[in-house]
Amino acid sequence: MATTERLERLIADEVGECCAADVNDRLAALHELEANARVDEADEGSDLDALSALGSGTRYRLARLLAAADEELCVCELEPLVDVSESAVSHALSTLTDAGLLARRKEGKWRYYDTTDRAEALLSALDSTREVGE
């Protein structure tokens with residue numbers, strides 16, 4: 001079990017003194033916070049996959065391009081817009097698709113991509129928070 005020495009010092013600094021009941025009350029409140037913040041493992045994994053997928057400049061730019069497009073686009077249409085090889089574009093699109101941020105449709109030998117609602121929501125959330133904290 002973790003030591004509560006620092007927590008005791010914090011409480012003492014805040015209220016002038018600290019007793020075991022104060023520490024227990026604060027720990028109970030913190031455990032309640034933890035329970036309220038918890039998501040199930042599958043959702044956590046999915047969320048982290050989505051955020052990780054957007055964590056590369058190339059993947060982020062591709063998601064932005066597809067979100068801005070009025071229609072789905074093919075790899076060959078995206079490659080000239082980013083400074084990486086066609087295979088790197090394909091790999092990035094696969095990562096975004098696996099994370100649930102893109103939908104892929106195959107027509108003959110061509111693969112077309114479009115953003116999912118989740119990608120649109122994440123990009124919109126980023127847009128709406130860009131100036132927050134400045």
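Strand β1 (residues 73-74) runs antiparallel to strand β3 (residues 110-115), and two bridges join them. Strands here are DSSP runs of E with at least two residues, helices are runs of H or I with at least four, and both are numbered from the N terminus. Two strands count as paired if DSSP finds at least two bridges between them. On its other listed pairing, β3 goes with strand β2 (residues 102-107), again antiparallel, over six bridges.

Here are the bridge partners to look for:

| Residue | Bridge partner in β3 |
|---|---|
| L73 | Y113 |
| L102 | T115 |

β2 and β3 form a hairpin with two residues between the strands, and G108 has a positive phi near 65 degrees there.

Keep in mind that this is a predicted model: local features need pLDDT of at least 70, side-chain atom pairs count only at pLDDT 80 or more, and totals for chains, interfaces and linings use all residues. Residues are numbered from 1 along each chain as its sequence is written, and side-chain values use heavy atoms, with hydrogens and water left out.

How confident is the predictor? pLDDT is its confidence in each residue, from 0 to 100. The chain has a mean pLDDT of 91, with 97% of residues at 70 or more. Helix α4 (residues 57-68) has the highest confidence, at 97, while helix α2 (residues 20-37) has the lowest, at a mean of 89.

Now for T58, which sits in helix α4. T58 counts as buried because its relative accessibility is 16%; buried means under 20% relative accessible area, exposed over 50%, partly exposed in between (1.4 Å probe, protein chains only). Leaving out residues up to four places away in sequence, T58 touches V84 and A92, where contact means heavy atoms within 4.5 Å.

How values were computed. pLDDT is the predictor's confidence in each residue, from 0 to 100.
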